[in-house]
Amino acid sequence: MKPLQILRDVKIVAFTQFLLGPASVQYLSDLGADVIKVEQPGRGAYERSWSGGNTYVEGVSAFFLLSHRNVRSVTIDLKSPEGQRAAVRLASSADVVVDNFRPGVLDRLGVGYEKLSELRPDLIYACGSGYGSDSPYRDLPGQDLLLQAMTGLAAATGRAGDPPTPAGAAVVDQHAAALLAMGILAALHHRQRTGEGQRVEATMVQAALDLQLEPVVYHLNGGLVERPTEALGSSFHEAPYGVYETADDFIALSLSPVAKISAALGDPAELREFLDPAVKLSRREQIRRALGPLLLNRSAKELLALFREHGIWCAPVNDYDAVFADPVVAHLNPVLEFEHPKAGTVKVLKHPVRFSSGEPEMRTPPPELGEHTEAVLSELGYSAEEITKLREADVV
């Protein structure tokens, strides 16, 4: 399949850090956009010096590697007047500027929306933040766990009586990144039709609420949404929704009639009082307690085969090793392996959307700090002598 370059004529300048901003622009760089990341000279972005699980590949942060492919890096000292002028010149040349620093930071550095939109009325200025630029919490840290806690996600997960249970991944950051990328694409389409630029904002608060669309809407409309005492998979689905222990592992059961499960298991007496579909929500915890012990004397493999034969919705509960050994994951081939000049062979996840017109490709690996400074400044009209002076003054 040919390389995909849907956004090849879009230039994006990224003042981004952590996961939300970098993941957002990587969705777009994968689609061909020219993304230029502005970093602090010397130390670079935070992602270069931190990695979850202390995961470094030959000394290179995996956290940086997972969200910076197809991106160019320039170093500019935004605290110096010369650096601010260079940053304004760079941002003014772009179609889109992306900022996920705390609200107001780039305004104080002279590259905020108000100033840039005066220079480029058709500029799209996209902001990602924890709580919003006009929020009373605007100066508080917007971090994934904190947002899971304050938006009800952690409190809604797990069993009643247990501590709140955060998700096992940075789900709010990643969803906010996808929403911000979607907003940028919508704004680009709007500009194509009208010539108008605009400010686009995605907040982690709304991303976290959007992830909880079902239970939040049920709550707002008077539904009973509360953590179960049994190991059910959510606060609002009817039985047998949840994870069940087997003789050797665990399986997940989802939204299948108790009568169908009972028939597959040989109509055990323990399930007879629950065959009426009318009780699958009102008595879901009793159903969970009755069904659980019936699965303990069979292996997960045996139960999965049996239930699938009877049309019962089920799945194995995989760890990451099992995930990538699963035939359906292997079929999708979601892992991108590439060679990095320092880290060597690196594995990350591919762009998650498929297109019939082509495939998002790795054009360039995540960049070295400031790798493209000279090339980008040259594109802005700086002479070799001017670039040398900026380097000597530690501006770039």
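Modeller: Helices here are DSSP runs of at least four residues, numbered from the N terminus. The model is predicted. Take helix H14, residues 320-325, which holds aspartate 321.

Colleague: Is aspartate 321 buried or exposed?

Modeller: Exposed means over 50% relative accessible area. Aspartate 321 has 66%, so it counts as exposed.

Colleague: Now helix H13. Which residues of H13 are buried?

Modeller: The general idea comes first. An α-helix has 3.6 residues a turn, so residues three or four places apart point the same way. Now the case. H13 spans residues 300-309, and its buried residues are Ala300, Leu303, Leu304, Leu306 and Phe307. Viewed down the axis of H13, they fall within an arc of 165 degrees, so they line one face of the helix.

Colleague: What is exposed on the other side of H13?

Modeller: Lys301, Arg308 and Glu309 are exposed there.

Colleague: How far apart are arginine 72 and threonine 364 in sequence and in space?

Modeller: They are 292 residues apart in sequence, yet 8.4 Å apart C-alpha to C-alpha.

Colleague: And glutamine 5?

Modeller: Glutamine 5 lies in the segment before strand S1 (11-15). At 22% relative accessibility, glutamine 5 is partly exposed. Glutamine 212 is 207 residues from glutamine 5 along the chain, and their C-alpha atoms are 33 Å apart.

Methods:
Residues numbered from 1 in each chain as written. Predicted model: local features only at pLDDT ≥ 70, side-chain atom pairs only at ≥ 80, totals over all residues. Heavy atoms only, no water. Helix = DSSP H or I, 4+ residues; strand = E, 2+ residues; numbered from the N terminus. Buried < 20%, exposed > 50% of the residue type's maximum accessible area, 1.4 Å probe, protein only. Arc of directions from axis to C-beta.
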